[in-house]
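Here are my quick notes on the charged side chains, as promised. Have the model open while you read.

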Amino acid sequence: MRLDVVSLAPEAFAPLLTLGVIGRAFAAGIAALHTHNPRDFATDKYKKVDDDPYGGGAGMVLKPEPVFAAVEAIPVLPRRRVLLMSPQGKPLEQADLRRWATSFDQLVLICGHYEGFDERIRSLADEEVSIGDFVLTGGELPAAVIINGVVRLLPGTVGTEACLEEESHSALLLEHPHYTRPASFREMEVPAVLRSGDHGAIARWRAEQQQQRTRERRPDLYARWQEQQQQQ
């Protein structure tokens with residue numbers, strides 16, 4: 001997969017290239033990361049990328065010209081999706097990461113900065129994405145989250161497909177508890193069922209734990225899961 005990031009802080013993405021399995025995926029050619037700085041496309045001698053907002057107000061607004069030029073200079077693959085990082089966007093879900101990982105060969109991620117971006121920049125995007133109901137200084141961290149989440153789903157990045165299917169949010173439910181040796185640690189015991197060797201009982205225990213954890217910690221997800229079960 002080709003990943004193109006439009007950002008005024010391209011150096012923010014360098015750690016991804018050496019980050020565990022994600023870094024190894026880039027090194028192996030499973031994914032390729034390209035950064036594009038709008039400042040390189042500014043045409044005035046000061047390389048200006050922001051300006052005062054029309055109508056007045058605090059802060060500076062990211063200008064449309066350098067952002068459009070940066071995006072339009074990116075090679076276009078047949079299956080491409082352009083994502084705009086925005087606190088006004090749709091909240092990010094695991095299903096989005098899986099959709100992008102399986103349905104597209106190229107993601108273009110546009111990062112805002114300053115007080116905001118010129119409204120016309122929105123026209124470049126196929127989707128606007130938010131990672132939560134809060135505001136950051138720029139879209140670099142949300143873009144890095146998406147890159148991490150998508151690349152780990154690409155074939156060859158992680159060891160087995162099964163571990164991706166069983167993790168939290170893959171089917172709305174949170175993941176079940178995990179244990180490893182020792183069986184007893186500071187008077188905390190590994191559940192006997194996990195040491196029983198009865199794979200059927202273990203599967204049932206894990207399913208029950210998923211439902212219980214989701215009901216207690218994320219009742220909103222549990223309600224969606226129940227609705228999904230009723231429709232099947």
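Predicted model: local features only at pLDDT ≥ 70, side-chain atom pairs only at ≥ 80, totals over all residues.

1. Let's start with Glu128, which is partly exposed at 25% relative accessibility (buried means under 20% relative accessible area, exposed over 50%, partly exposed in between, with a 1.4 Å probe and protein chains only). Glu128 pairs up with Arg122 in a salt bridge, and their closest N and O atoms sit 2.4 Å apart. By salt bridge I mean a side-chain nitrogen of Lys or Arg within 4 Å of a carboxyl oxygen of Asp or Glu. Arg122 itself counts as buried, at 17% relative accessibility.

2. Numbering runs from 1 along each chain as its sequence is written, and side-chain values use heavy atoms, leaving out hydrogens and water.

3. Have a look at Arg79 and Asp105, too: they form a salt bridge with 2.9 Å between the closest N and O atoms. This one links distant parts of the chain, 26 residues apart, with Arg79 in the loop between α2 (64–72) and β5 (80–91) and Asp105 in the loop between α3 (94–103) and β6 (106–110). Helices (H or I, at least four residues) and strands (E, at least two) are DSSP runs, numbered from the N terminus. Arg79 is partly exposed at 37%, and Asp105 is partly exposed at 33%.

4. Arg120 and Asp118 also meet in a salt bridge, 2.7 Å from N to O. Here Arg120 is exposed at 52%, whereas Asp118 is buried at 14%.

5. For the overall tally, the structure holds twelve salt bridges.
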